[in-house]
Amino acid sequence: AVGALEVARSLVADAAQAPDAQQLLAICYADTGNASEAENAFQLALGLAPNHSLILVNYATFLRQVGRQEESLGVFLRAVEAAPNFAKAWIELGVTALDAGRHEQARGALSRGVELQPNSALAWHVLGNAHRAGGDLEAAESAFREAVTLAPENRSAWINLGAVQRLLGRSDAAIASFDRAGKAGYKGPELADAITGALLDEGKLAEAMQHARQVTREHPDFVPGHVTLANLLWEYGSALAADESAVAAFRAAVRSQPHNHALGMAFAGFLLTARQAEEALGQIKMLQAQADHPVLASLEANALEILGRTEQAGALYAQIHRAQGSKDPAFLNAYTRHLLRAGEWDAAAARATEATLIDPTNQEAWAYLGTAWRLMGDSREFWLFDYQRLIAMVNIEPPAGFASESDFLDALKSTLEPLHQAKREPVQQSLRGGSQTPGRLFGRRDPVIEATRARVVQAIERHLAALPSDPNHPFLMRKARSVRFGGSWSVRLWSSGNHVNHIHPEGWMSSAFYVSLPPSVTLQSAAGAHAGYIQFGQPPVELGLNLPPRLQLRPEPLKLALFPSYMWHGTVPFEDNAARLTIAFDMIPSLAPT
């Protein structure tokens with residue numbers, strides 16, 4: 001690099017007015033780490049040739065490398081304006097926009113890039129990442145397929161293709177893609193961990209557990225592997241490892257690696273989600289004695305809150321807020337939870353408002369803000385939740401090919417029940433006393449599930465067409481013609497089971513489709529009781545607010561409940577030998593029909 005720099009200086013000495021010479025000098029300065037001289041040389045080159053597309057691209061790339069992302073985007077835009085058919089400029093613009101979180105701009109630029117340079121595996125790969133980041137998994141899969149077709153040895157593209165296929169519910173295809181990544185030479189534990197998840201989605205529990213144990217044995221410092229194993233043991237342990245508890249296995253791993261700070265933090269987080277706050281607090285204190293980390297303070301405040309030590313939690317939340325200000329919606333949501341529980345409703349509304357200003361689509365923040373408004377007697381609660389208009393029970397028509405509604409529901413029930421192999425609920429989910437299917441349900445190549453999905457989409461699009469538009473409302477402002485599915489799953493609740501009141505932070509609109517209801521629910525519902533009902537507007541019991549639900553609806557087979565994802569909802573427990581079987585899914589808006 002030093003030799004090249006001397007050559008470039010010599011060229012500039014001989015031809016100071018040559019823009020290419022100044023550009024070469026700038027690149028050499030950048031390669032040797034002299035950012036200020038590189039900047040000067042680039043500016044001189046562009047002064048001589050303001051619309052030189054290659055100089056613009058190289059200057060923009062330099063700006064991106066030194067962390068000046070916004071300036072980099074502006075220069076890349078100048079490059080594509082100067083040379084609309086310069087594929088590299090479009091591709092690099094897309095890469096930079098994606099890094100900046102501007103997914104729509106990235107998709108547009110990269111789409112133009114692959115149009116101009118269809119044989120660029122890199123462009124297709126990054127376009128796939130942009131589609132995935134924007135929630136268009138089908139388009140992401142298509143782009144990743146192009147990437148691996150053009151570059152069959154691209155291990156990262158195969159892994160990304162497999163990850164998207166798993167998100168689409170195609171776990172068999174995901175396993176095949178992960179296998180191709182391995183054959184192309186990928187050896188990291190991330191791949192084995194991804195295969196574990198895909199095997200679980202396929203219902204191959206023993207193989208999934210074997211993979212999970214292998215990952216933690218061969219890569220003991222790989223934190224996600226221990227999290228995966230703990231979740232497997234928690235949800236499926238009694239079927240596969242009756243004498244081993246998830247917490248005990250995780251605890252043993254942490255004790256065997258006392259200096260693995262990231263592993264200890266993951267264990268503390270797992271303990272909190274498993275509602276074992278006392279041990280979590282002890283783990284947090286031990287980690288803080290080793291090496292403090294800002295996240296640990298938030299975890300400590302959460303643990304204190306769960307343990308009912310509200311005054312201590314409040315002091316810690318206030319201290320963190322003073323130190324970091326209002327920039328992290330996740331922290332602001334946690335602080336708002338505390339303030340609601342502590343009875344400081346005005347302050348809770350203020351913190352929740354801050355979170356919505358940072359992230360206007362943050363479902364948890366809107367749920368807390370609406371709750372604060374309710375406690376304050378503020379009518380904006382009804383503007384936000386609008387229980388009568390934004391909650392709907394719609395009919396699902398049986399797909400063609402079934403003789404009757406009962407034939408369809410029986411076929412769907414027979415399809416779903418074998419997927420329920422878990423012996424308890426997932427550690428981080430809302431259900432209590434039940435099981436949830438792994439992976440994405442909508443995407444499984446099963447004719448009954450595919451037909452159900454198609455009917456569900458038709459009902460949703462009819463519902464959306466009837467909803468009003470409102471550019472100022474956090475739900476209605478995002479209304480579109482159709483939806484894309486995020487997570488989709490089936491839930492099987494057993495006797496005394498229920499969903500605790502919760503929201504869906506990853507969705508825009510959420511749902512519950514009723515497949516099979518136990519006699520106690522249908523008979524008691526018909527008689528006016530509430531066993532098995534779905535209810536809306538009641539905050540989680542742990543907030544200690546003692547607010548009743550605003551609306552309770554009777555579930556019926558073939559009915560689909562639709563509601564904003566920020567709406568508090570849960571179910572009333574029931575007593576019955578028969579199970580309560582549903583399908584649920586989260587949606588985000590989509591202009592194109594699904």
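Leu11 sits in helix H1, which covers residues 2-14; helices here are DSSP runs of H or I with at least four residues, strands are E runs of at least two, and both are numbered from the N terminus. This is a predicted model, so to speak of local features takes a pLDDT of at least 70, and side-chain atom pairs count only at pLDDT 80 or more, while totals for chains, interfaces and linings use all residues. Residues are numbered from 1 along each chain as its sequence is written, and side-chain values use heavy atoms, with hydrogens and water left out.

At a relative accessible area of 39%, Leu11 is partly exposed (buried is under 20%, exposed is over 50%, partly exposed is in between, with a 1.4 Å probe and protein chains only). Together with Val7 and Leu24, Leu11 makes a nonpolar surface patch of about 230 Å². Patch members need over 30% relative accessible area and no salt bridge; nonpolar side chains (Val, Leu, Ile, Met, Phe, Trp, Tyr) are joined within 5 Å, and like charges within 9 Å. The areas themselves come from the Shrake-Rupley method with a 1.4 Å probe, and for residues only the protein chains shown count as cover.

## The nonpolar core

The largest nonpolar core has 183 residues. Such a core is a set of buried Ala, Val, Leu, Ile, Met, Phe, Trp, Tyr and Cys residues joined through side-chain atoms within 4.5 Å. Those with the most contacts inside it are Ile460, Met509, Phe513, Leu560, Ile583 and Phe585.

What does Leu560 touch, not counting residues up to four places away in sequence? The list includes Ile460, Phe513 and Phe585, along with Ala392, Met393, Val394, Ile396 and Val456. Ser511 and Ala512 are on it too. Contact here means heavy atoms within 4.5 Å.

## Helix H19 and its cover

H19 has 15 residues, 310-324, and reaches 21 Å from its first C-alpha to its last, close to the 21 Å expected at 1.5 Å a residue; the expected span is 1.5 Å times one less than the number of residues. Buried residues in H19 are Ala313, Gly314, Leu316, Tyr317, Ala318, Ile320 and His321.

Cover for the buried residues of H19 includes helix H18 (294-306), helix H20 (329-342) and helix H21 (345-358). After H19 comes Gly325, with a positive phi near 70 degrees.

## Loops worth a look

Arg275, in the loop between H16 and helix H17 (277-290), has a positive phi near 65 degrees despite being a residue other than glycine. Asp386 is another non-glycine residue with a positive phi, near 40 degrees, and lies in the loop between helix H23 (380-385) and helix H24 (387-390). Are these two buried or exposed? Arg275 is partly exposed at 43%, whereas Asp386 is buried at 17%.

Arg478 is in the loop between helix H26 (447-466) and strand E3 (482-499), and is partly exposed at 23%. Leaving aside neighbours within four places in sequence, Arg478 is in contact with Thr361, Gln363, Trp508 and Pro589. Pro258, in the loop between helix H15 (246-256) and helix H16 (261-273), has its C-alpha 9.4 Å from that of Leu287, 29 residues apart along the chain.

## Salt bridges

A search of the whole structure turns up 23 salt bridges, each a side-chain nitrogen of Lys or Arg within 4 Å of a carboxyl oxygen of Asp or Glu. Glu138 and Arg484 pair up at 3.7 Å, N to O. That pair links distant parts of the chain, with Glu138 in helix H9 (residues 137-150) and Arg484 in strand E3, 346 residues apart.

Arg492 and Glu417 form another salt bridge, with the closest N and O atoms 3.7 Å apart. Arg492 is in strand E3 and Glu417 in the loop between helix H25 (405-416) and strand E2 (431-436), so the pair ties together parts 75 residues apart in sequence. Both are partly exposed, Arg492 at 25% and Glu417 at 30%. Elsewhere, salt bridges that share partners join Glu39, Arg68 and Glu71 into one network. Within that trio, the side chains of Arg68 and Glu71 meet at 2.8 Å, N to O.
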